[in-house]
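Please read it with the coordinates open.

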Amino acid sequence: MKHLTKKQLDELKKKLLEEKAKILARHNETLEVQKRVSEEAKEPQDLEDLGQINYTEELLESLSQRDMEVLKEIEEALKRMKNGTYGICEWTGEYIPYERLKTIPWTRFTAKGAEEYEETMGTSMESTSYETSIEDISIERDDIGED
């Protein structure tokens, strides 16, 4: 039984490649920001500047790590497309609904499979934070600013 049409697979592959390109672009931007932050950190103006610099460095590090995890999942999804196992839940063996794949094209589990996996293994292979766009996250902190 065929689960996804060629058109759907092509659409999902395009989404995976677009997300991969976005992550790589963000990674390059992150490297530029880290370089600027490092330069600024050499001569912080005051404690507020130093606090903002430290916060920014920590945020960039965590975003970068999250991006690298998603990038790995994208690479695995592209491999599954090549070997014909894409869209099949690795936990339940059921087809992953197309709507879920459109939302999280790199997912390896149905919603039920992800829940069961987490309950059994004690950890989740995917995070709902992946659905949050990096563009939605502001690096500025409300509690640090000019008076």
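1. **Ground rules.** This is a predicted model, in which local features need pLDDT of at least 70, side-chain atom pairs count only at pLDDT 80 or more, and totals for chains, interfaces and linings use all residues. Residues are numbered from 1 along each chain as its sequence is written, and side-chain values use heavy atoms, with hydrogens and water left out.

2. **Confidence.** The protein averages a pLDDT of 76 (the predictor's confidence in each residue, from 0 to 100). A score of at least 70 is reached by 59% of the residues. Over residues 126-147 the pLDDT is below 50. Beyond near neighbours in sequence, that stretch still has 36 contacts in the model (heavy atoms within 4.5 Å). Confidence is highest in helix 3 (residues 98-103), at a mean of 96, and lowest in helix 2 (residues 47-83), at 76.

3. **Fold.** The protein has four helices and zero strands. Helices (H or I, at least four residues) and strands (E, at least two) are DSSP runs, numbered from the N terminus. Along the sequence the pattern reads α-α-α-α. Of the contacts with a separation of 6 or more, 62% join residues 24 or more positions apart.

4. **Surface and burial.** The protein exposes about 9900 Å², and carbon and sulfur atoms supply 50% of that area. Accessible areas come from the Shrake-Rupley method with a 1.4 Å probe; for residues, only the protein chains shown count as cover. Of the 147 residues, 33% are buried. Buried means under 20% relative accessible area, exposed over 50%, and partly exposed in between (1.4 Å probe, protein chains only).

5. **Core.** Which residues touch the most other members of the largest nonpolar core? They are Leu12, Leu16, Ile74, Tyr86 and Trp106, in a core of 20 residues. Helix 1 (6-41), helix 2, helix 3 and helix 4 (111-121) each supply at least two residues. Helix 2 gives the largest share, six residues. A nonpolar core here is a set of buried Ala, Val, Leu, Ile, Met, Phe, Trp, Tyr and Cys residues joined through side-chain atoms within 4.5 Å. In soluble globular proteins, nonpolar side chains tend to be buried together.

6. Glu73 sits in helix 2. Is Glu73 buried or exposed? Glu73 counts as buried because its relative accessibility is 11%. Its side chain joins that of Arg108 through a polar contact of 2.9 Å. Asn83 is also placed in helix 2. Asn83 counts as exposed, at 53% relative accessibility. The side chains of Asn83 and Thr85 make a polar contact of 2.6 Å. A polar contact is a pair of N or O atoms within 3.5 Å; within protein, one must be able to donate a hydrogen and the other to accept it, and residues adjacent in sequence count only if both atoms are side-chain atoms.

7. **Aromatic rings.** The structure holds two aromatic pairs. Trp91 and Tyr117 are edge-to-face, 5.3 Å centre to centre with 85° between the planes. Trp91 lies in the loop between helix 2 and helix 3 and Tyr117 in helix 4, so this pair ties together parts 26 residues apart in sequence. Trp91 is partly exposed, at 33% relative accessibility. Tyr117 is buried, at 15%. Phe109 and Tyr117 form a tilted pair, at 5.0 Å and 35°. Ring pairs link Trp91, Phe109 and Tyr117 into a cluster. Rings of Phe, Tyr and Trp (its six-membered ring) pair if their centres lie within 6.5 Å; planes under 30 degrees apart count as stacked, over 60 as edge-to-face and the rest as tilted.
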